[in-house]
Amino acid sequence: MFKLNLKIALRSLWKNKGYTLINIAGLSIGMASCILIFIFIRYQLSYDQQFARKDRIYRVVSSWKYSGSEEFSGGVPLPLAPAMRNDFAMLDEVAAIQRGRGVITIKDPSGNVRIKTDERTFYVEPQFFKIFDYRWLQGDPQKDLVAPNSVALCEDMAVKLFGDWHKAVGQTINYNNKTDLKVTGVFANVPENSSNPIQIAIAYSGYVNRNMKSWGSVSDASECYILLKEGRNIADLEGPKNAFIKKYYVEKGVGKEGHLFQPLAEVHRDDRYGNSSNNTTGMKEIWGLGIIGVFLMLTACINFINLATAQAVSRSKEVGVRKVMGSRRKQLMVQFLTETITLTIFALIVACAITEAALPGLAGLFREKLSFSLVQQPEILGFMGCMVLFVGFLAGFYPAMVMSGFSPALAIKNKVNVGNSGGAALRKVLVVAQFAITIILITGTLVVLKQMKFMREKPLGFNSSAVAMPYVPGDSLNRLKYDILKTRIENIPGVLSASFCASGPSSGDNTLTNFSYGGTKDADFQVNVKPADLDYFKTFGLQLVAGRALSKSDTIKEYVVNETLLRKLNVVHPEEAIGKMITVGDGHKAAIVGVVKDFNNMNLREAISPILIYSSKNNIGTLAIKMDSHQIPSVMKAVEAIWNSTFPNNVYRSTFMEEDIERYYENERVMGTLFKVFASVIIFIAFIGLFGLISFVATQRTKEMAIRKVLGASTFELVRMLNISFVLMVLIANLVAWPVAYIFISKWLSRYTYRIELSIWPFAAAMAISMLVTLLTVSLRSYRAAKTNPIDALKYE
Amino acid sequence: MITLQNIEKYYATKGLKSYILRHVSTTIQQGEFVSIMGPSGAGKSTLLNILGMLEEPTYGTYEFMGEDITSLSERKKIELYRNHIGFVFQAYHLIDEMTVAENIEAPLLYKKIAGAERKSRVADMLDRFNIVGKKDLFPNQLSGGQQQLVGIARALAAQPSIILADEPTGNLQSAQALQIMELFKKLNEEENITIIQVTHSEVNAGYGSRILHLLDGVIKEDLNVVNL
């Protein structure tokens, strides 16, 4: 029976080639999008899931509550890890891990430098490897990573440095031109989907930092992982945690300190805390993508249901005959569902091909390593199986029910018509739903693109174009070379000015600190400090509204503040502030000499912070170089040469200010592209669905149109007649879609402090696009129907 | 085999009853060959549909092989279709997606007959109707007469005890029609299959053993055909 059903299904699909093609095209594109989204979501959720004890691993993260705002950090104070090890009985292990970066040099036996490279490093406590079960190829971290100046490498790094990982153990590498580290172990490469991409693990016992005992200072780079004892609940730690905070945070800061035990799975998902892979994907984005996937699948299914119920009439005779031969309704439904599922499987095969073709694009968009392999990823096979069944039943069940429900007496006499075949009203509702989804996506796309354009073009209050930002090493020996470096670089033809600074005017790297203005009492908010030199203002084109810029100094001598700081301090006229004293953090008291016009110091989601600019040679990390935009390549080459001769033991690294800013909007770039792609996919699906439906309606009404034509209707009038009902449906779809789109969009826009005003235009444009698509599709098909010779239509019966 | 008592069928529109059948009572025995005749609109097809359980009478009782049909469940009706009733249609109504052989096989599948038995019965039918060479063709590749032969072969494959035929020769040329009627007659005489056909043609009716004349929903005449 099944074999025959399958055979008949194939024949009937072949007989209605046109509709089959439309269905397969719509379904396969919808399915391919779903598979791609599934692969992506699966990959995102697989982060850090490869560890055996993953359910008991937590990261300790920090937060500070201020009046009206909150700060988050994935790091903890340095003394926290040993203190926790001491105070918490419910933990198996506590491990500190400190991320860093430095120059690795390897010398050959004769003492010449063989390799010099700039690498990310991690100082790791051996307990870390009790929490996370890394695979060790050689050595045992519990023994070999205890002594200071021992280091373990991952396989790839060992191969990179020594050619063969078997040769690595026992060798010596030099770190930051200071310490010699002895290689004592090699571990297997850490997979891409890991929040701790450790390649070089240095024994934590050798880590030195002047804040080793300070509870008041937190760096994002100092993380702490804990392993909960088996059978314990993380909620039980709440009491001990509060006691712990009370015990150690004795100095009262402006913000109230707090800690949270973040489950391992959340490390990749919570962008408030960040992580060592510099890569987070929030659950919101994952949900958003999932919802888009479901929408796509729904529109494709709607196509199928519409076409199938529309076509049902032509199958009525078969249903009648089968019924009088003794077929049960159930058997007929099984037959029709077989047909749907056969079609779905065809669509799936096409979808796999599309997925394969589109995957590199998706991987490139997200800058992730995604792969599509059914053997390695059996979940995908499972997902595809579920999808076929889901689509098959969702799309096939209703039409099967309608068709199997025909009364045989009417069916045999061909008296079943569109009206009583059921679903005429339902079809209309479905078309409206489909177009509503399409319109929501079009509107969303237009707004996302407009907001992105707005952010690219908004004046930030400083000039970021043609500014290179090479880093400069910050150790005391190299600091002595700063002045020579600057002079040499300023002499390169094409360099307009240069400035030593900690970071550009807009940066993701921000340092906040307490301060007091005028009197002695600390202000109730923190200030964003920007160490820089006198040329900072010239290099970035910052404008002063009062006073003057910084004068030459290597230490804090005077301050320049921004307008926001004054506004927050209730100072109305910038001139009033000149000469007032400010004391920052640990007691640097100096006068305000200038007020700089507000500039955007973070991405445009954030408001402008209160800012303090001062000279401090010890906190410099970058040399900002403003160039003549026509000479950038030659200038960059010269800069690199001078840099390398000034710092021969370090590795040159540089970015452009504009690229740094561009990087803030990575998320928006991805969103924009995704919206564009999926909106076009959905427009395409809706378009072919509409085409199928209008083809059917035109065929159904051939006779009516022939009669009207004989009565004197013009082709134009007939086309208009067919258009009206569809245009009406799309109009209703617009009305349905607008409020929904409005809610989604205004929610998305509210993330941005600087955003476009939501106007009527995106909505109007979406309506225009949907109307145009409808008119084009319907006219295209109905024109052909209206042009046919009435004799051909009327000579039947 | 079939007993109809006081069968009525009407449609009520705005309180006005328009009758299709009135006071139809008759009995048909196993092995009879009955032709239902009458002008257009007399209710012939409706009567046949009621006999075939495709329509329900508004009033009256219908017993098929001793069972009261009006109170029969859908499941029981399907059982009757499978085992006792074969339909032949004016427009043949073969399933377009199936070949000749598959069309004949279809009712056997619903009867859940084993594969080997199905094959032999289909072969038997093809043989008997001389259409072995056409078994892999699709209905639209056959002439009308050939299609109707397949239609009858399909109805017979399930070995029904009664065949209901609605103008089986209505779309056929006279030579082909003759052939079909000969076939019915042979089936009736040799295999004792009850046949009830609706027809316009006196010639066709002449092949049967009994004629019911309908006029405006009422049986006007019930004649026995005297075979010459």
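**View 1. Overall fold of chain B.** Chain B contains seven helices and ten strands (DSSP runs, H or I of at least four residues for helices and E of at least two for strands, numbered from the N terminus). Its radius of gyration is 18 Å, close to the 17 Å that the globule rule gives for 228 residues, so chain B is as compact as a globular protein of that length (taken over C-alpha atoms; the rule is 2.2 Å times the number of residues to the power 0.38). The C-alpha trace spans about 55 × 40 × 35 Å along its principal axes.

**View 2. Burial in chain B.** Of the 228 residues, 53% are buried (under 20% relative accessible area; exposed is over 50%, partly exposed in between; 1.4 Å probe, protein chains only).

**View 3. N149(A).** This residue sits in the loop between α5 (141–144) and β6 (150–154) of chain A. N149(A) is not a glycine, yet its phi is positive, about 65 degrees. Most residues other than glycine have a negative phi. N149(A) is partly exposed, at 34% relative accessible area.

**View 4. A466(A).** The loop between α14 (424–457) and β12 (467–470) of chain A holds A466(A). Phi of A466(A) is also positive, near 55 degrees. A466(A) is buried, with 8% relative accessibility.

**Notes.** Residues are numbered from 1 along each chain as its sequence is written, and chains are lettered from A and ligands numbered from 1 in the order in which they are written. In this predicted model local features need pLDDT of at least 70, side-chain atom pairs count only at pLDDT 80 or more, and totals for chains, interfaces and linings use all residues, while side-chain values use heavy atoms, with hydrogens and water left out.
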